[in-house]
Amino acid sequence: DKQALIRIRLRNSEVIALQTVHENLYAAIKKGSKRTRRAVRRHLRKSGRIRKQRMRDRLNDIGIPTAT
């Protein structure tokens, strides 16, 4: 088994580190990058820096009408 350790340092000096193990190194990196992306989004949502928004709301915000 191969492992990939991915560390991300955010602007506020916090570090997010994830370790992924897989038979194939490239698969471990791919899986780890997806997990890292989710972890960063989760962290930013919790800190209030980004918010989850529905696609319909985004389209309405930029002036594209949607069916209701």
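User: In this predicted model, which residues is alanine 39 in contact with, leaving aside its neighbours within four places in sequence?

Analyst: Contact means heavy atoms within 4.5 Å. Neighbours within four places in sequence are left aside. For alanine 39, that gives Ile16 and Leu18.

User: Which residues make the largest nonpolar core?

Analyst: A core residue must be buried, and side-chain atoms within 4.5 Å join the set. The largest nonpolar core has six residues. They are Leu10, Ile16, Leu18, Ala39, Val40 and Leu44.

User: Is threonine 20 buried or exposed?

Analyst: Threonine 20 sits in strand S2. Its relative accessibility is 3%. The cut-off for buried is under 20%. Therefore threonine 20 counts as buried.

User: With which side chain does the side chain of threonine 20 make a polar contact?

Analyst: Leaving aside neighbours within four places in sequence, threonine 20 is in contact with several residues, including Lys2, Ala28 and Arg35. The polar contact joins two side chains at 3.2 Å. The partner of threonine 20 is arginine 35.

User: Is tyrosine 26 buried or exposed?

Analyst: Tyrosine 26 is in helix H1 (residues 25-47). Its relative accessibility is 67%. Exposed means over 50%, so tyrosine 26 counts as exposed.

Key:
Residues are numbered from 1 along each chain as its sequence is written. This is a predicted model: local features need pLDDT of at least 70, side-chain atom pairs count only at pLDDT 80 or more; totals for chains, interfaces and linings use all residues. Side-chain values use heavy atoms; hydrogens and water are left out. Helices (H or I, at least four residues) and strands (E, at least two) are DSSP runs, numbered from the N terminus. Buried means under 20% relative accessible area, exposed over 50%, partly exposed in between (1.4 Å probe, protein chains only). A polar contact is a pair of N or O atoms within 3.5 Å; within protein, one must be able to donate a hydrogen and the other to accept it, and residues adjacent in sequence count only if both atoms are side-chain atoms.
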